[in-house]
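Please read the points below beside the coordinates. They cover the sheet and the ligand site.

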Amino acid sequence: MRRLEAVKSIYASLADCIVVTIMGAVAAELQSLGHRPNHFYLQHAMGLASSIGLGIALCRPELDVVVLDGDGSVLMNMGGLTTLARYRPQNLTHVIFDNESLLSVGGFPTATSTGSDLAGVAVAAGIPRTALVSDVDAFASAFAEARAADELTTIVAKVDAHYEPPAETTGFVTDLGLLENRFQFARYLQDLADD
Ligand SMILES: Cc1ncc(C[n+]2csc(CCOP(=O)(O)OP(=O)(O)O)c2C)c(N)n1
């Protein structure tokens with residue numbers, strides 16, 4: 001499955017939740033479908049997207065939080081899974097796009113290419129719901145079920161190690177600056193709290 005197709009299949013349903021992505025290709029792909037003020041594209045801090053999502057989910061239990069992660073990022077901070085499992089916010093859906101590669105920095109193979117099983121790791125970490133999917137329909141169904149389940153879910157979606165810079169971007173860079181995204185996102189969360 002192409003990750004862009006997977007992201008397209010859930011894009012409409014992301015409108016009413018809080019979305020945190022890792023940096024690089026997945027962030028650029030989501031932005032290519034249309035930036036929204038409820039998207040935060042975490043830059044530089046590899047492995048910490050689920051930690052940012054966890055903090056928001058715990059502080060704002062009235063919001064639905066979605067984290068779009070990568071296998072390399074999760075492998076860099078595997079303790080993130082155990083911390084998610086420890087606090088298990090019901091309002092968090094954690095998606096790991098597993099392309100078996102550090103695609104955004106040249107495509108070096110990760111440990112999932114030699115057999116490490118992140119869905120198995122998530123189960124062993126204590127994540128209460130997990131799914132392993134490898135086609136777009138299964139992904140879209142698993143995502144909808146996770147959001148409806150009111151239980152912390154990690155979905156491992158096996159995707160191709162493929163990235164074509166969308167026309168709107170230059171490589172992984174878009175015209176949305178890091179600070180602009182940071183302030184816009186914080187204001188979005190604040191405005192929701194004020195309503
Ligand atoms: C601490 C740290 N180390 C290395 C990097 C460089 N880096 C940026 S993206 C990336 C690869 C991320 O891999 P993965 O999460 O599998 O996502 P993919 O690029 O495959 O979509 C790396 C190594 C970084 N930003 N921060």
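Predicted model: local features only at pLDDT ≥ 70, side-chain atom pairs only at ≥ 80, totals over all residues.

1. Numbering starts from 1 along each chain as its sequence is written, and side-chain values use heavy atoms, with hydrogens and water left out.

2. An open sheet of 6 strands has the order S2-S1-S3-S4-S8-S7, with parallel pairing. Strands here are DSSP runs of E with at least two residues, helices are runs of H or I with at least four, and both are numbered from the N terminus; two strands pair if DSSP finds at least two bridges between them. Strands S2 (39-41) and S7 (129-133) each have a single partner strand, so one side of each lacks a neighbour in the sheet. From one strand to the next the twist averages 15°.

3. Strand S1 (residues 18-21) runs parallel to S2 and is joined to S2 by 3 bridges. In this pair, valine 19 is opposite histidine 39 of S2.

4. Helix H7 (residues 136-149) lies across S3 (65-70), S4 (92-98), S7 and S8 (153-158), at about 170° to S7. Axes are lines fitted to C-alpha atoms, for helices over the stretch in contact (heavy atoms within 4.5 Å), and angles run from 0 to 180 degrees between N-to-C directions.

5. The ligand is surrounded by 16 residues, the closest being Arg3, Gly72, Ser73, Ser101 and Ser104; a residue counts if one of its heavy atoms lies within 4 Å. Helix H4 (71-76) supplies the largest share of this shell, 4 residues.

6. Ligand oxygen atoms lie 2.9 Å from a side-chain N or O atom of arginine 3, 2.9 Å from a polar side-chain atom of asparagine 99 and 3.0 Å from a backbone N or O atom of leucine 103.

Methods. Polar contact = N/O pair within 3.5 Å; in protein donor to acceptor, adjacent residues only side chain to side chain.
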